[in-house]
Amino acid sequence: MKQIEECYQILKDPNGYVKRFKAESGRKVIGTFCSYAPEEIILAAGAHPFRLFGSGEKIRLAEAHLQSYCCSLVRGALEDALGGRLAFLDGVVFPHTCDSIQRLSDIWRLNVPACFHLDLILPVKLDTDGARQYMIDVLRRFRGELGEKLSVTISDEELRAAIRICNRIRAALTRIYALKGERPEILKGSVLYALVRAAMIMDRTRAASFLEEVAAEMEKESTSKAAAWPKKRIFLSGGVCNHPDIYTIIEEAGGEVVGDDFCTGSRYFSGLIDEKADPVTAIADRYLERVVCPAKHRGLTNRADHLVRLAREKQARGVIFFLLKFCDPHAFDYPYLKEALDQAGVPSMLLEVEDRLSADGQLRTRFEAFVEMI
Amino acid sequence: MAEKDEEKEKRKIKTVAKMKEIMTAYYIDAKTAGQTGKKVAWITSGGPVEPLIAMDVIPVYPENHGAMVGASKMGADLCGKAEAMGYSSDLCSYARADIACAPINGGPIGGLPRPDMLVCCNNICGTVMKWYEVQARFFKVPLFILDTPFCHTGFSAEAKRYVKGQINEYIAFLEKACGKRFDYDRIKEVGRLSVQGQRLWQEILDTAMNRPAPISAFDAFFHLALIVTLRGTQQTVDYYKMLLAEMRQRVSEGIGAVPREKYRLLWDNLPVWYRTKWLSEKFASHDACLVADTYTSAWCGALRYVDENDFLGSMAECHTRIYLNIGVDEMARQVIEMADKYDVDGIVMHSNRSCKPYSFGQYDIQRIIREQKGIPTLMIEADMVDERSFSEGQIETRIDAFIEVLKGKKS
Ligand code: SF4
Ligand code: SF4
Ligand code: SF4
């Protein structure tokens, strides 16, 4: 598919892509940190939301600001900013989630002066009326502050238009994921990863139509007779996955990824926004209803219930937890999630990654052993 | 370092015995709650304890328990047990130790009394919320979260509304958990005692403005327990009055916390619980006294926001705008304020692997202090409870070198 080629081109050099896009479109570029950054409001302001991950450069400059026991995502993003690799950003948005991003926001504000800085101090608990009202208040404030920084007023109409685009992206990705779950052989895991990832980087209007095309093509292909499928169905669980290679390694080890609950995966696109309701309230409601991030609270078993349900729905034979080292929120949830899976009879394994995947065959061997066991 | 026994005796803080007595009685009370029919709530150190006192609920502090685990050098073992339960070794060691204690009644006092409810305020970190979720699942008891939005650069009107609303939710939660009405008269009295206790605590810490300082941070780490645990009781007020009187007495007699105070230092971050004695002797051997710290002063930092006549009403602000819930630049500003107030020669920062919100940003605070005040700082890497992260040789060398720097500046 030619769309996939386009995707790979973008992912090869996201910064290069966005710089070109900025020059051509004249749009301001706003860096975002997590799946609680309201892309809809940024789009409605006529700006372009660009998800930051850290380019994986060696940590040198960030060393002077963040200790070694901080996750690679946070250190990596700061390294890029201090190294001048993000000079094209006009602004950056920090949704409040974990303790590490919280401090990154401060450190960024004090040390990366070139772009404007907005904090989005979201509620941490998401299951009370008061929290809902506060979430709405925070998003309203953000709408005003962003508009001020960009010297625009964001109208409800513009917000609705942006919501429609984001909904199209989400709906298309949902279809693609569903098809991947049904017929894993028609799309490689690494391609799935690339599609979601590219959607966080590229022009969103283009992303919407492009993903719809991919979904349509997949639907066509899926009508063909399914080949016998000997591979074992694997579900991935965790926060942010920055390592497309793991899909290939899993596939080579005899597994096939049929779904995930990553923020760089299904959490990014799950839940559509009501297009008729008050737009800010509707954006807030999606955040409140979507499965919770471990740095937020919504009942005591929300994530486990969700994980077990998804693993069953996708008929996963096993779950691989993919956790970043020094990521507290996810590390705290791991034992109870594992226990919930154990009780549901779904085997799992844990992979903890510091920043890079180990290059030796150790990972391959572990995956092979796991796939064989399940 | 050969100080005569008599000298040593003179230097000892006499109220320590009383403090131990109060804490023992408190833990016995808490541990026998099952028999006396009293309810027990586990609560975070930054949480609103006064409503519990007003409801006759016994507050229990897992963090204080964590400190006891650390001080009894049981940290490495319990943290290891938590790791065997699947909890990463990079998580906060208070949380790890406590989670490991719960199923086996482990630790120095045979486990904490079983909670009837959990009260978690996330003004200190996100860790406590995850930790209390774990315990709420384990003990199957209700959990109340007081969500205090982080104040990067200020406290917004909507955040204030949100927290204020939660104070009412908290009261409703307590009424349900205790099966009785909240006593709005009683909370006024408890609030008054709480403020009085905080003021006394501030006054005690302030006696360290004297030269020599009659009290050091190491003493404060110990005497802190009451303002955390039994804030809002007459007992705490009485105790701190005694301690304050003793400190004033020491000031008038010129008794210092260290025999020959030459260098005055400020400590940042939590104590290294399993090495307080070693560190205190180490610094004293260099004639250095830790005259103040950012940790124990956090329990009177809210005084600037408290309204004695509307204790419940001002609670939202007091709990949200605490030291750890503010931006790094504001923290630096407060550290500098303390450095000036206590007239310190240097700052010792504990880069604490366990506590990310306290430790990330320390490098910038260090830089800001250097730029604005030119005060030397020492960074030591350790962990408050897990002694596996403590490298004695390395830390000793760094302290020695730091003192040399101070010497150079003084001469
Ligand atoms: S895990 Fe939470 S903090 Fe991390 S990207 Fe996802 S939503 Fe954001
Ligand atoms: S949620 Fe985890 S991975 Fe994400 S920024 Fe926080 S610590 Fe890092
Ligand atoms: S030590 Fe730090 S991370 Fe641990 S409970 Fe206390 S504030 Fe939270």
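This is a short walk through a predicted model, chain by chain, with a few spots picked out.

Okay, some housekeeping. Residues are numbered from 1 along each chain as its sequence is written, and chains are lettered from A and ligands numbered from 1 in the order in which they are written. Because this is a prediction, local features need pLDDT of at least 70 and side-chain atom pairs count only at pLDDT 80 or more, while totals for chains, interfaces and linings use all residues; side-chain values use heavy atoms, with hydrogens and water left out.

How confident is the predictor? For the complex it gives an ipTM of 0.96 and a pTM of 0.96. Chain B averages a pLDDT of 95, and 99% of its residues score at least 70. That score is the predictor's confidence in each residue, from 0 to 100.

Let's start with chain A. Strand β1 there covers residues 29–32; when I say helix or strand, I mean DSSP runs numbered from the N terminus, with helices being H or I of at least four residues and strands E of at least two. A:Val29 and A:Gly31 point one way from β1(A), A:Ile30 and A:Thr32 point the other way, and all are buried. Buried means under 20% relative accessible area, exposed means over 50%, and partly exposed is in between, using a 1.4 Å probe and protein chains only. Next to that, β1(A) pairs with strand β2 (residues 48–51) of chain A in the parallel sense over 4 bridges, and A:Val29 has A:His48 as its bridge partner. Two strands count as paired if DSSP finds at least two bridges between them.

Which ring does A:Tyr36 pair with? That's A:Tyr287, in a tilted pair, 5.3 Å centre to centre with 50° between the planes. For the cut-offs, rings of Phe, Tyr and Trp (its six-membered ring) pair if their centres lie within 6.5 Å; planes under 30 degrees apart are stacked, over 60 are edge-to-face, and the rest are tilted.

One more from chain A: A:Arg197, in helix α8 (residues 189–199). Buried or exposed? A:Arg197 counts as buried, at 10% relative accessibility. Leaving aside neighbours within four places in sequence, A:Arg197 is in contact with A:Leu11, A:Phe53, A:Cys241 and A:Asn242, where contact means heavy atoms within 4.5 Å.

Now over to chain B. There's an open sheet of 4 strands in the order β2-β1-β3-β4, with parallel pairing. β2 (58–60) and β4 (143–146) stand at the edges with a single partner strand each, so one side of each is left without a neighbour in the sheet. The twist averages 25° from one strand to the next. Strand β1 (residues 40–43) pairs with β2(B) over 3 bridges, and B:Ala41 has B:Pro59 as its bridge partner. Helix α8 (residues 127–139) of chain B lies across β1, β3 (117–121) and β4, running at about 170° to β3(B); axes are lines fitted to C-alpha atoms, for helices over the stretch in contact, and angles run from 0 to 180 degrees between N-to-C directions.

Helix α15 (residues 311–320) of chain B is mostly covered, with 9 of its 10 residues buried. What do those buried residues pack against? They pack against α4 (50–54), β4, α9 (157–178) and α10 (184–206) of chain B.

Strand β7 (residues 346–352) of chain B has 7 of its 7 residues buried. Strand β5 (residues 263–268) pairs with β7(B) in the parallel sense over 4 bridges, with B:Leu266 opposite B:Ile347. β7(B) also pairs in the parallel sense with strand β8 (residues 377–382), over 6 bridges, and there B:Asn352 stands opposite B:Ala382.

Last stop, aromatics again. The structure holds 29 aromatic pairs over all chains. In chain B, one aromatic cluster takes in B:Phe218, B:Phe221, B:Trp267, B:Trp273, B:Tyr295 and B:Trp299.
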